[in-house]
Amino acid sequence: MTYKDIGFRGVYHQFIAIDINETTEKVCQGYPNSDKANCLLVYGYIDHTAGTTLEILACGHREKDSFIFYDSPTEKRDIIRIGAVEELELYLIDDKNDELFNRYSKRLEVLQVFTVDESLAQTRSMGFLDSSRHPHYPDDIQLYLLTNSGEFEVCWVRIEGADEKTLYGKLLNEPFKQSKCHEGDIIEFSLFKTEDGKLVCVSDGTKRQLEPANENKLKTAIMRFKNDKTNENLISIMELLRDILIWIPCNAVISDTDVEKLKKAKAGTTFKSTDDIRMIPDILQNGDEYFFPVFTSAAEMGEYGDNFSKIEKWFLEAIPLAFNNKKKISGIVINAFTEPFVVTNDLLKVIQEQGSHFKMKEQ
């Protein structure tokens, strides 16, 4: 059977063997026993932005319905987007007793970054959406958008989740006709049954009320980008940074007057500062470059954070603090001591220009 026969659910989280052909032959060079292989073992998953994807695990040899799979390379990772092999024969492998899963567990660990939240995961099981799905991008839905003129325009939306009443997703293209939403907006949509009984997705362009991004989503997006450095994955990080709270390590600086008051204060007495206490953000140096450190949580600072006061701010509020520093910084580094990610000055300016998706709450 082929991908066209079984669709994305047929390969989702499934071990599959595919014959080596001109398309896949170049990919498997350097894999153990590739010289005697005639098939590849792959594992299917969904990349939210890049669609149905096959993770190559190992070369193998197929003799009719019998398969032998070899070891994985230690420092090599390759993928195949489903469009490149959608017409090839797919051999679904029954992983009895999780033998393959355990054997290739280290290779499969990288796919954890493609795990989505429960709300989005549930939409992938909604069969009534299948007629509107893109065949290669299961999270992308074709819908009819109501424009200001009262006419409907066909657009694409990338599902981000659902609640009890509506589904919602990111509008992937700018409508040709004027409407109350634009490309990149998160809009709500629902199902509508046409006169001939067909189910279609419809939206009047109502924007979804967003909540602040959370730590896990940002860390997952960063890991995803590190594994697949596409513009779409980078944009996902930038979108989250527009609406996320972060922690900044600071040195508390008090005035000379208050220093003298502290010296004279007796043990056990309460000290109240006369002047404002200034919070000076710390700066990290790497070679000749300086970076403004922020963290997704206070705990992410580890022992380093024990030496500082910690303040929580929106990431957008941290950008001017970084730019106004006496040292010329090269960017903001997120989680510098665990899984560091540098947001360069050019990207910071873009994020700053875009602003928040919603009005920041008062701290």
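## A bridge between Glu 87 and Lys 4

In this predicted model, the side chains of Glu 87 and Lys 4 form a salt bridge, with 3.5 Å from N to O. Glu 87 sits in the loop between β5 (79-81) and β6 (90-92), and Lys 4 sits in helix α1 (residues 3-11), so the pair ties together parts that are 83 residues apart in sequence.

Are these two partners buried or exposed? Glu 87 is exposed, at 61% relative accessible area. Lys 4 is exposed as well, at 56%. The cut-off for this label is over 50%.

## Salt bridges in the whole structure

How many salt bridges does a search of the whole structure find? The count is 21. Side chains of opposite charge can pair when their charged atoms come close.

## A bridge between two loops: Glu 151 and Lys 177

Glu 151 and Lys 177 also meet through their side chains, in a salt bridge of 2.8 Å, N to O. Glu 151 belongs to the loop between β7 and β8 (152-162), while Lys 177 belongs to the loop between β9 (167-171) and β10 (186-193), so this pair ties together parts that are 26 residues apart in sequence.

Glu 151 is partly exposed, with a relative accessible area of 41%. Lys 177 is partly exposed too, at 38%.

The side chains of Asp 185 and Lys 207 form another salt bridge, at 3.6 Å from N to O. Asp 185 is in the loop between β9 and β10, and Lys 207 is in the loop between β11 (199-203) and α6 (215-227), so the pair ties together parts that are 22 residues apart in sequence.

Why does Asp 185 count as buried? Its relative accessibility is 18%, and buried means under 20%. Lys 207 is partly exposed, with a relative accessible area of 47%.

Some salt bridges share partners. Which residues do they join into one network? They are Arg 9, Asp 130 and Arg 133.

## A nonpolar patch on the surface

Charged pairs are one topic; nonpolar side chains are another. Tyr 144, Phe 152 and Val 154 make up a nonpolar patch on the surface. Together they have about 270 Å² of accessible area.

Where is Tyr 144 placed? Tyr 144 is in strand β7, which covers residues 140-146. Tyr 144 is partly exposed, because its relative accessible area is 31% and partly exposed covers the range between buried, under 20%, and exposed, over 50%.

Definitions and conventions. Residues numbered from 1 in each chain as written. Predicted model: local features only at pLDDT ≥ 70, side-chain atom pairs only at ≥ 80, totals over all residues. Heavy atoms only, no water. Patch = residues over 30% accessible without salt bridge, like charges linked within 9 Å, V, L, I, M, F, W, Y side chains within 5 Å. Areas by Shrake-Rupley, 256 points an atom, 1.4 Å probe, with all protein chains shown as cover. Salt bridge = Lys/Arg side-chain N within 4 Å of Asp/Glu carboxyl O. Helix = DSSP H or I, 4+ residues; strand = E, 2+ residues; numbered from the N terminus. Buried < 20%, exposed > 50% of the residue type's maximum accessible area, 1.4 Å probe, protein only.
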